[in-house]
Amino acid sequence: MTPRALHALRRAGLWWPAGLAAGALLLAGGLRYGLVEPASLTARCDAAPWSDAACVLRTLTIQSFIQHRVAWLALACALLAVLLRARLLAAGALALACTGLMLYSTGLAAPAAVLAALVLVRPSA
């Protein structure tokens with residue numbers, strides 16, 4: 001981001017939701033590329049998914065995106081944030097949506113991200 005764009009985020013009060021979303025993307029990316037996709041961990045954890053801490057974290061990560069659970073939660077939070085005009089809830093929904101986008105749930109996470117962003121950019125009353 002350019003310094004001008006960062007200044008605009010800061011002036012609009014959007015720096016902390018943007019930071020939260022970026023942190024969620026980084027965490028989800030770490031989970032995806034560090035735990036879910038490596039072949040060596042897949043072979044070890046498929047045989048015994050609850051055997052050690054890495055396999056437990058991998059199994060829980062996979063459970064979060066099976067049936068798009070994290071994306072459904074993001075969409076529900078975003079819709080509730082729209083109805084209540086709650087910026088804090090919208091920031092959480094945006095973070096969940098970014099996690100869903102990284103963890104294979106793009107179909108539901110993308111609209112959740114848009115709805116959450118619309119709440120965040122709307123001027124406060």
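Which pattern does the protein chain follow when read along the sequence? The answer is α-α-α-α-α-α-α.

Figure 1. Helices (H or I, at least four residues) and strands (E, at least two) are DSSP runs, numbered from the N terminus. The C-alpha trace spans about 55 × 35 × 20 Å along its principal axes. The model is predicted, so to speak of local features takes a pLDDT of at least 70, and side-chain atom pairs count only at pLDDT 80 or more, while totals for chains, interfaces and linings use all residues. Residues are numbered from 1 along each chain as its sequence is written, and side-chain values use heavy atoms, with hydrogens and water left out.

Figure 2. Of its 125 residues, 36% count as buried; buried means under 20% relative accessible area, exposed over 50%, and partly exposed in between (1.4 Å probe, protein chains only).

**Figure 3. The largest nonpolar core, with 23 residues.** Such a core is a set of buried Ala, Val, Leu, Ile, Met, Phe, Trp, Tyr and Cys residues joined through side-chain atoms within 4.5 Å. Ala90, Leu94, Ala112, Ala116 and Leu120 touch the most other members. Helix 2 (15-36), helix 5 (69-84), helix 6 (87-102) and helix 7 (106-121) each give two or more residues to this core. A second, separate core has 6 residues, among them Ala28, Ile62, Met102 and Leu103.

**Figure 4. Zooming in on Leu120 and its contacts.** Leaving aside residues up to four places away in sequence, Leu120 touches Leu14, Pro17, Arg87, Ala90, Ala91 and Leu94. Contact here means heavy atoms within 4.5 Å.

**Figure 5. The 1 aromatic pair, Phe65 with Tyr104.** Rings of Phe, Tyr and Trp (its six-membered ring) pair if their centres lie within 6.5 Å; planes under 30 degrees apart count as stacked, over 60 as edge-to-face and the rest as tilted. Here the centres are 4.9 Å apart and the planes sit at 55 degrees, so this pair is tilted. Phe65 belongs to helix 4 (residues 53-65), while Tyr104 lies in the loop between helix 6 and helix 7, 39 residues apart. Phe65 counts as buried because its relative accessibility is 15%, whereas Tyr104, at 34%, counts as partly exposed.

**Figure 6. A look at Val56 in helix 4.** Val56 is partly exposed, with a relative accessible area of 25%. Not counting residues up to four places away in sequence, Val56 touches Pro49 and Trp50. The C-alpha atoms of Val56 and Leu103 are separated by 17 Å.
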